[in-house]
Amino acid sequence: HAPQALRAGVSKEVIEAIRDKKRPVFEKKDEEAAYDYVTELVTTKKVSDKTYQALLAQVTQEQAIELTTIAGFYATVVMLIVAFDVDLPDGEKPQLPV
């Protein structure tokens with residue numbers, strides 16, 4: 001999804017860090033809050049009030065709901081790819097959410 005992220009204004013450095021499974025250095029507070037929120041949700045299967053409030057300081061509640069929905073949809077697609085051994089372009093391997 002790197003091309004879409006670039007078009008949306010995410011820097012190449014942030015995209016590369018995420019691709020390399022490293023925490024990016026963020027210049028935009030909304031991107032950092034979204035990253036922290038989704039990372040915590042995926043890794044712990046819950047989100048602390050502190051992380052949620054940090055997200056809401058940067059985006060609307062509706063946007064937070066959309067972000068959560070997108071993260072869940074992405075996880076579902078990855079599980080389908082893995083479960084049905086779908087061929088990926090360029091020999092890429094799916095990466096399951098933690």
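A salt bridge is a side-chain nitrogen of Lys or Arg within 4 Å of a carboxyl oxygen of Asp or Glu. Keep that in mind for the first two close-ups of this predicted model.

**Figure 1. Arginine 23 and its salt-bridge partners.** Here arginine 23 forms a salt bridge with glutamate 32, and their closest N and O atoms are 2.9 Å apart. Arginine 23 also meets the side chain of aspartate 36 in a salt bridge, at 2.6 Å from N to O. Arginine 23 sits in the loop between α2 and α3 while aspartate 36 belongs to helix α3, so this pair ties together parts that are 13 residues apart in sequence. Through shared partners, Arg23, Glu32 and Asp36 are joined into one network. Relative accessible area is 45% for arginine 23, which is partly exposed. Glutamate 32 is partly exposed too, at 30%, and so is aspartate 36, at 27%.

**Figure 2. A salt bridge inside helix α2.** The count for the structure comes to 4 salt bridges, and this view shows the one between arginine 19 and glutamate 16, with the closest N and O atoms 3.4 Å apart. Both residues lie in helix α2, 3 residues from each other, or about one turn of the helix. Arginine 19 is partly exposed at 49% relative accessible area, and glutamate 16 is partly exposed at 37%.

**Figure 3. Two aromatic pairs.** You can find 2 aromatic pairs in the structure. In one, the rings of phenylalanine 26 and tyrosine 35 have centres 5.4 Å apart and planes at 50°, so the pair is tilted. Phenylalanine 26 is buried, with 14% relative accessible area. Tyrosine 37 and tyrosine 52 make another tilted pair, 6.4 Å centre to centre with 45° between the planes. Tyrosine 37 is in helix α3 and tyrosine 52 in helix α4, so their pairing ties together parts that are 15 residues apart in sequence. Tyrosine 37 counts as buried at 7% relative accessibility, whereas tyrosine 52 counts as partly exposed at 24%.

Figure 4. Follow helix α3 through its 16 residues, 29-44: from first C-alpha to last, the helix reaches 22 Å. Its buried residues are Glu31, Ala33, Tyr37 and Glu40, and they pack against α2, α4 and α5. Ala33 and Tyr37 also belong to the largest nonpolar core, together with Leu55, Val59 and Ala64. Leaving aside neighbours within four places in sequence, leucine 55 is in contact with Ala33, Ala34, Tyr37, Ala64 and Leu67. Just after α3, look for lysine 45, which takes a positive phi of about 65°.

Technical notes. Residues numbered from 1 in each chain as written. Predicted model: local features only at pLDDT ≥ 70, side-chain atom pairs only at ≥ 80, totals over all residues. Heavy atoms only, no water. Core = buried A, V, L, I, M, F, W, Y, C linked by side-chain atoms within 4.5 Å. Buried < 20%, exposed > 50% of the residue type's maximum accessible area, 1.4 Å probe, protein only. Contact = heavy atoms within 4.5 Å. Helix = DSSP H or I, 4+ residues; strand = E, 2+ residues; numbered from the N terminus. Expected span 1.5 Å × (residues − 1). Phe/Tyr/Trp six-rings, centres within 6.5 Å; stacked < 30°, edge-to-face > 60°.
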